[in-house]
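Q: Hi! Could you walk me through this structure in plain words?

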Amino acid sequence: MEKETSAMQWNTAAFQVVIQALKDGSALNNSSETDPYTRGRTDSVSSTSSQTLLVDSKPLETGPLFSGKPREAEECPSSTKHSYTPSRSRPLTSDAGNNSNSSFASSPTVMHRTRRKSEDGLFTDSQIEEEQDTLRRFLDNFTCYDIMPVSVKMVVLDTQLHVKKAFAALVQNHIRSAPLWDSRKQQFIGMLTVTDFINILLKYYVSSGSKMEELEEHRIQTWRDMSAEKRPDILVCMDPSLSVWDALKMLLGERIHRLPVIDSYTGNALCILTHKRILQFIYLNVIEKNQMNILRLKLADAQIGTYENLAFIHPHTTLSCTLKLFSKHRVSALPIVNEDGTVIDIYAKHDVINLARERTYNNLDVTVIDALRHRQNDFEGVQTCLLSHTMQQIVEQIFTANVHRLVVVDELGRLKGVLSLSDILSFLTRA
């Protein structure tokens, strides 16, 4: 972690040059030779060590591991998008159904304000927008390659691999997703994530003790063919030479959490960008070194987060019901509350992978609390914040705790909302 952090940091004097240039409206030179402050390291791809592991059902007999087509000299790298336009809004909840294990609540907190208020007085929206524009221009002047880790290990799964072995590979390598490689097409065709694992369990689970033979026998390609109507035909990916701002727009616009960076010239998978990686980049090089008005705003005045139609669960909620809520509402975590609405824990999608680690997926009738006993020891507890906290406090808490979201509570610890990384990044950059 320390090595990755140092690789993302510039010295304070260098960064002040960058910020001042952005505020003055002058364009930054992308060459590290003419302006050494615009790059944290060289632009040579060889400076980053990328190790790619292909988890294959059998070795390829002919052909290279990656066979990307060389791009023409006049051709510019581009991002690959889905062939459909996803919904930007979170689905509304009509009712809680007949199952008493799940609950939904509308927060009484409805925030409609014309002016933003800081700790030391009022300032105009135009001042906030100016800082948001500065952050956006800053991200636009660095490429995806610039924020890649110095050393990367990529796990690539062949589509002919059995589903059970694929998720075992995710568990063994302590990752939550992996690019999928089609050896017949000689190209990447998608991603395998924890969401796929959840959908497979929901489709084939019958009752406690019944063996899911489909999970044991199906290959990844079989599952993809069966769920083709629910997934896009094209992999969303980015070329490393595109800007961090382009990557952030892709993450937020397509409502995805992981964006593979694939070199369009060689076809090599270099790394996977996430909201957390981009927020760390902003924190280490902007927030930690500069006083910004936008960060003095309180969460209530920033008007970000989800406070209505919240999905949450109780300690006695079964795993099968929990997985259905993940699939229905497309959320990445569900707060666990007791009878009076106090937040006592959280069950996230990545906790589901523990079922593969412990091989307990044949019994989804256990309660969430029982399932969380298999959680790894590095869990530090649910991270919460108040509406009265400033954005500076919130970003620092996320960075220090190394979490993907904060649960918004009141002074008594009762659930009020959920604040995600995408909410924060959208606010900071006005994306």
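A: Happy to, and we can go from the overall picture to rings, cavities and a few backbone details.

Q: Where do these coordinates come from, and what gets counted?
A: This is a predicted model, so local features need pLDDT of at least 70 and side-chain atom pairs count only at pLDDT 80 or more, while totals for chains, interfaces and linings use all residues. Residues are numbered from 1 along each chain as its sequence is written, and side-chain values use heavy atoms, with hydrogens and water left out.

Q: What is the average pLDDT of the chain?

A: The chain averages a pLDDT of 76, and 68% of the residues score at least 70. The term pLDDT is the predictor's confidence in each residue, from 0 to 100.

Q: Which residues have a pLDDT below 50?
A: Residues 10–15 do, and this stretch has 14 contacts beyond near neighbours in sequence in the model. A contact means heavy atoms within 4.5 Å. Over residues 56–78 the pLDDT also stays under 50, and there the model has 41 contacts beyond four places in sequence. Where pLDDT is low, the predicted coordinates should not be read in detail.

Q: Thanks. How many helices and strands are there?
A: There are 15 helices and 15 strands in the chain. Both are DSSP runs numbered from the N terminus, with helices (H or I) of at least four residues and strands (E) of at least two.

Q: And how much of the chain is buried?
A: Of the 431 residues in the chain, 50% are buried. Buried means under 20% relative accessible area, exposed means over 50%, and partly exposed is in between (1.4 Å probe, protein chains only). Among contacts with a separation of 6 or more, 72% are between residues 24 or more positions apart.

Q: What about Tyr283 and Phe399, are they stacked or edge-to-face?
A: They are stacked, because their ring centres are 4.2 Å apart and their planes are at 25 degrees. Tyr283 sits in helix α9 (residues 275–287) and Phe399 in helix α14 (residues 391–401), so the pair ties together parts that are 116 residues apart in sequence. Tyr283 is buried, at 8% relative accessibility, whereas Phe399 is partly exposed, at 22%.

Q: Which rings form a cluster?
A: Phe138, Phe142 and Phe281 are linked into a cluster by ring pairs.

Q: OK, cavities now. How many are there?
A: Searching the whole structure gives 2 cavities of 30 Å³ or more. On a 1 Å grid over the protein atoms alone, a cavity is a set of points where a 1.4 Å probe fits but cannot get out, and lining residues have an atom within 4 Å of a point. A volume is the space filled by probe spheres set on the points, which are joined across faces, edges and corners.

Q: Which residues line the largest cavity?
A: Its lining is Lys276, Leu279, Gln280, Tyr283, Val395, Ile398, Phe399, Asn402 and Val403. The elements giving two or more residues to this lining are α9 and α14, and α9 gives the largest share, 4 residues. The largest cavity holds about 70 Å³ of space.

Q: And the second largest cavity, what is its volume?
A: The second largest cavity has about 50 Å³. Helix α12 (residues 349–358) gives the largest share of its lining, 3 residues.

Q: Last one: what is the phi of Asn402?
A: Phi of Asn402 is near 60 degrees, a positive value in a residue other than glycine. Asn402 lies in the loop between α14 and β14 (405–409) and is partly exposed at 43% relative accessibility.

Terms used. Rings of Phe, Tyr and Trp (its six-membered ring) pair if their centres lie within 6.5 Å; planes under 30 degrees apart count as stacked, over 60 as edge-to-face and the rest as tilted. On a 1 Å grid over the protein atoms alone, a cavity is a set of points where a 1.4 Å probe fits but cannot get out, and a pocket is an open set with protein on both sides within 12 Å along at least five of seven lines; lining residues have an atom within 4 Å of a point.
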